[in-house]
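Here's a quick briefing to read alongside the picture. Have the sequence and the 3D view open as you go.

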Amino acid sequence: MAQTNIDDTVTRYENFINEVLKEDLRELETKLEFFNNEVSDLIQQKHTLKVLTNKNIHPTGFKTQVNVGCNFFMEASVSKTDTLLVNIGLNHYIEFKLSEANRFLEARIKYYEKKSHEVRLRAAQVSAHIKLMLYGISELQNRNNSDGSST
């Protein structure tokens, strides 16, 4: 009777690990990947902003091509680079001065780095719970084997 009870307990623990904890860990890894991609994109935007507004490289502004729709491009010349439009989310744009845009990007980078750190801590906790439960299963099976061999 005790053998069946321990086997059922081990099976329930294994199911919990596989169906709940490992799924939580996968979701956390997906979130972590998203936050890390956002940080990478924001750092790249900050670098692009720095290059485009560098007066040593582009003393009179810069030239670019703009997609006007259906993959039709027009050449554009930008001479005034002291203000720019920044997408703040949900396709809403705000005109920022260069220093404000840099502060905005820095704030977003810090926010996503903080979120990334929180997700990493949560993933470490879930991973520790998995290891703890596996250790508990191992202890139950060892106790079961030692009880079975003495009878």
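What follows covers some aromatic rings, one hairpin and one lysine.

This is a predicted model, so local features need pLDDT of at least 70 and side-chain atom pairs count only at pLDDT 80 or more, while totals for chains, interfaces and linings use all residues. Residues are numbered from 1 along each chain as its sequence is written, and side-chain values use heavy atoms, with hydrogens and water left out.

**Aromatic rings**

- Searching the whole structure turns up five aromatic pairs; rings of Phe, Tyr and Trp (its six-membered ring) pair if their centres lie within 6.5 Å, and planes under 30 degrees apart count as stacked, over 60 as edge-to-face and the rest as tilted.
- One of them is Phe-34 with Tyr-112: the ring centres are 6.4 Å apart and the planes sit at 85 degrees, so this pair is edge-to-face.
- Phe-34 belongs to helix α1 (residues 2-52) and Tyr-112 to helix α2 (residues 98-150), so the pair ties together parts 78 residues apart in sequence. Helices (H or I, at least four residues) and strands (E, at least two) are DSSP runs, numbered from the N terminus.
- Phe-34 is partly exposed at 43% relative accessible area, whereas Tyr-112 is buried at 11%. Buried means under 20% relative accessible area, exposed over 50%, and partly exposed in between (1.4 Å probe, protein chains only).
- Tyr-112 also pairs with Phe-35: here the centres are 5.9 Å apart and the planes at 40 degrees, so that pair is tilted.
- Phe-35 is in helix α1 and Tyr-112 in helix α2, so this pair links parts 77 residues apart in sequence.
- Phe-35 is buried, with a relative accessible area of 13%.
- Put together, Phe-34, Phe-35, Tyr-111 and Tyr-112 make one aromatic cluster.

**The hairpin**

- Strand β3 (residues 83-89) pairs with strand β4 (residues 92-97) in the antiparallel sense, over six bridges; two strands pair if DSSP finds at least two bridges between them.
- Gly-89 stands opposite His-92 in β4.
- The hairpin has two residues between its strands, and in it Leu-90 takes a positive phi near 55 degrees.

**One lysine**

- Lys-31 sits in helix α1 and counts as partly exposed, at 47% relative accessibility.
- From C-alpha to C-alpha, Lys-31 and Asp-8 are 34 Å apart in space, and they are 23 residues apart in sequence.
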